[in-house]
Amino acid sequence: MTETNSVSFFLGTIFLLFSSISSFSYTSASLTRCSHDQRDALLEFNSEFELRKPPEFFDEETKGARDPFSVTSYPKTKSWENNTDCCYWDGITCDANSGVVIGLDLSSSCLHGPFKPYSSLFKLQYLQNLNLAYNHFKNSSIPTRINELMGLQRLNLSHSFFSGKIPTEILHLTKLVSLDLSSTFINSQILLSTEKPFLSQLAQNLTNLRQLDMSYVNISSEIPQMISNLTSLRSIRLFDCNLFGRLPWLSPTIQSIDLSVNQHLESSLPEFNSNNSLVYLDVSYTSLSGSIPDSISNLKHLKVLSFYNCKFTGKIPSSIGNLSHLNILYLGFNNFAGEIPSSFQNLNRMILLDLWENKLSGIIPTALFNLPKLLDLTLSSNQFTGTLPPNITSLSNLNSFDASSNSFVGTIPSTFFNIPSLESLDLGDNQFSGLLEIGNISSMSKLRSLDLSKNNLTGPIPRSISKLVHLVSLDLSYFNTRGPLDIGIFLHLKSLEDLSLSNLNTTTKIDLNAILSSPLKSLSNLDLSSIQVSLKNMSSISTLSSQLTHLFLSGCGITVFPEFIKSLQHIYAIDLSNNNIKGQVPAWLWRLPELHYVRLSNNAFSGFKELPKVFSRMKITTIDLSKNDFSGEIPISICEMTSLVLVDLSNNNFSGSVPQCISNLIKMGLLVLNLGHNHLSGKLPDIFRNGSNLRSLNVGHNQLVGKVPRSLSDCSFLEVLNMEHNRINDTFPFWLESLPNLHVLVLRSNEFHGSLQYHPKVASFFPQLRIIDISHNDLTGTLPSDFFMYWSAMHSEGDGSELEYIGSSNYYQDSMVLMNKGIELNYTRIRTLLTAIDMSGNRLQGIIPESLGQVKALIVLNLSSNSFVGNIPSSLANLVQLESLDLSHNKLSGHIPHDLAHLTSLSIIRVSHNKLVGVIPKSTQFQTQNVSGFEDNVGLCGAPLDECGAGNDDPTLSQQDEEEEEEEEDCHRFRTWYRAWIDHWSLDAFLQTALVLQEDCKLKYFDLFQSQVTTKRVICLVSFRGVESGDDNADPLSQSNMELLEDWVSRNQVCIEGNGSSDWKSLESFKRTEVAAVVIDETEDLGTGFDDGEIFKGEKEVSDEGYFTNISEKLFT
């Protein structure tokens, strides 16, 4: 059972202790015989169904994870006899006076079949209590005739495989005090749903309701505030109902609230009043955020509080220590910081405390170990330090203690092993050191799970560990024995199922035969990775543990494929990676009936001895054959393994084309496909339609050609796309912009070409992109001024405390190579906090956009080897997390912005081979750099270059220098704006730009503009509207501007039309509205027949001696 599901299942069980909503039990209290019509109706209802053993029921907290729970069923109706009094039948309650049936409890009665719309059930008009839970009605709709049972007070239809919309006719049952419609979760689908106003109508109609459970019903609405008007309501459970919006205020009379697993339920917690009756509160797995208010202490009756897996921040308030009745407290998987409040010592009734996965720090309060009733204490995945308190034996009832993944130091207290009730102890992934001392272990020890892995423990493993005879799971990975290991220590643990000794530092070569032919008959999982293993005599073994399901022998010095594996008929996972196994993969491997996971990477395999003719029956989900010597074409038979979710064939010598049939795997749910570092050629086929599950695709380092397959836009869950080092010839794939989960895009070293001028068609442009590498291609043009504004995932700064990785899992993590700090770094795992932009080695030009300063989370920036001009943007000073900056080999000019001196994270700065001048900023980050990072800038001086000469050590520019630099930057900027005007067909934008430039720059601007017009063409400005003469604020075409334009017009024979006049002076009293531009021929007015709208859209096609095919495309050729 997973961590998340165990929390959900446990809390669900506790919830039922505080609300009697799941079932009703009725017995006959009548001496009156039931009437014939009632008996006949019951018998007829019974005949509508078969009696079958019910299916397994599940409590599913998250889609795709299933935890079965036990439901005891028996066929109650089997005792119903036609000639007996129905009031005494099992599940029937009759009225004591009239003998009519008022209660029907057929919960868990093995009923199987469709529920008929006109079922005879509705003849039982006097029913007050109806319970049909835990049967199987084959996805029938809930009959609308349910409203005919007007006397119903209690209705339970839960977990009975009803489907479709819940009829609003149920809301006509105004006498209801208890309603349970909780649904069944099948194949990741919720069966029941409601119309959006359902909860509002419920609050209006069912005013007597005391208990409500609609878990697993797709309600998809906010919780209406009017639900607080249900003053009779005592218990509400809306678990996993797709609720959204804010948390409403609820009636102070309510006792139990469960709104968990509604991820779009957002708000902060309200202030809690003292006049409340709340006993149970669960909002886990929601998006509630903010801090916990001190007023939480007003919930003085509270026994269960779960804020598990929300988004809470701040410190845990000490006022929680005032909740004297609290039994269970879940605060795990949030962002709480600070120390554990000392007031927790007051929680004397606490039996479970979970603080897992926060940012809590400091030492553990000694008082926490004085809570007499504490059974379960979880402190894992925080930042706790110090030693564990010596008084831990005070927790005499402790059943489970988890302090893994912290920074605890010192020795492990031997007193842990003297707690007689302790069953689970996890101290892994800390900094414990020294000898492991277990002491005298009581024969009464109940310890079943022990994890001491990933510490700094040294010395021999104590022999007394063999006395922990109830151990089921033992992990001593990374233990430094400093000598030999006696494997016999473990052979006394006859209940052992999981044994991990990976990365054990020992001089002993482990005899695998001694373990697998030992009395450890229950052993199912064995991990001996990274220690030397002997396979001597293994091939003759016939008494191997028949229960072995997981065998991990990575890095064990094995040179031949272990033949004994073929006798492991229950084997699920095999890891033989990082050995030196040569030859061919044996054919029998693929015939193991339960095999799901195969990892053979980093060996010397050269081929397959034989591949089965029929793969479709296989259950294999993961194949990792990377880093071997496989050659030839990729076997197309792999396409028949439709259960595959991960295929890694990278770093081999496969050749030929990528098989078209891989589309079968993608359609069936493939998550990861890695074909990188082979010799594949041809086009990458368009095989990604219906690939919504694909998360990672790597085809880098091959010889692929053609374009990027457009079907990749269907891969909505794609996180990593790596196509580096191929010969793909395409424009930049802006059409991938809407992929909501794309984190990493690597297109380096291909033949991508064309401009990066683009304006997003969606509001969120590459919304999750954190790494983009398009270096060493043939991209040209200028970067739009807003180019970096849309990359929202790079805008917010991470705090660096979360060690999470892209593709983080037990079986696969994405990797990549990135130019960082001047060298190619191989990232075997990619942290989610890593952000990088690499556009080096292209032909980009123009100024570097100031919007680059908005990607504040950026760590690596490389724009080297392009033709960027102008100044280094001062906005780079906003990139406070930047570690590597490379702007070398461009045409940048001006000074290095002095605010960059405040970027304290910068470790590599490269601005060499530019036209920079002035003094290098004085800071440790700059002055400790290698001189090569600043060379070939003639006007640059200061450490680490030579000291500046007289007059150059003033970091400020002279006024003349400033003016020249500003003018130069303006001229560079107008080229960018000019290109935007060309792209977007707006002469108005052209003129607006011209009027804010220096005069010298304007003339260059107009010359550039005129150079796009042939001598046979002229520009006409149209659509002028009059305003008062002399109003310069209203008319940006002022007198001086008019003279400048007139001068340019006269030199270039360009006419201006407006109000029928071409006289410039007459235009001084007019204001432009929408200005349209038309290119016309002097001998033929091609503008005839065009209205302004057509001209502006550029949609009118004209033809004149090959001049145009489309106005917007051929206007400036």
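Guide: A residue is called buried when its relative accessible area is under 20%, exposed when that area is over 50%, and partly exposed in between, as judged with a 1.4 Å probe on protein chains only. The model is a predicted one, in which local features need pLDDT of at least 70 and side-chain atom pairs count only at pLDDT 80 or more, while totals for chains, interfaces and linings use all residues. Residues are numbered from 1 along each chain as its sequence is written, and side-chain values use heavy atoms, with hydrogens and water left out.

A disulfide is a pair of cysteine sulfur atoms within 2.5 Å, and the structure holds 4 of them. One of these joins Cys 941 and Cys 948, with the sulfur atoms 1.9 Å apart. The torsion about their S-S bond is about 95°, so this disulfide is right-handed. Cys 948 counts as buried at 19% relative accessibility, and Cys 941 is buried with a relative accessible area of 9%.

Another disulfide links Cys 87 to Cys 94, at 2.2 Å from S to S. This link of Cys 87 and Cys 94 is left-handed, with -100° about the S-S bond. Both Cys 87 and Cys 94 are buried.

Cys 639 and Cys 661 are also joined by a disulfide, at 2.0 Å from S to S. With 55° about the S-S bond, the link of Cys 639 and Cys 661 is right-handed. Cys 639 is buried, with a relative accessible area of 3%.
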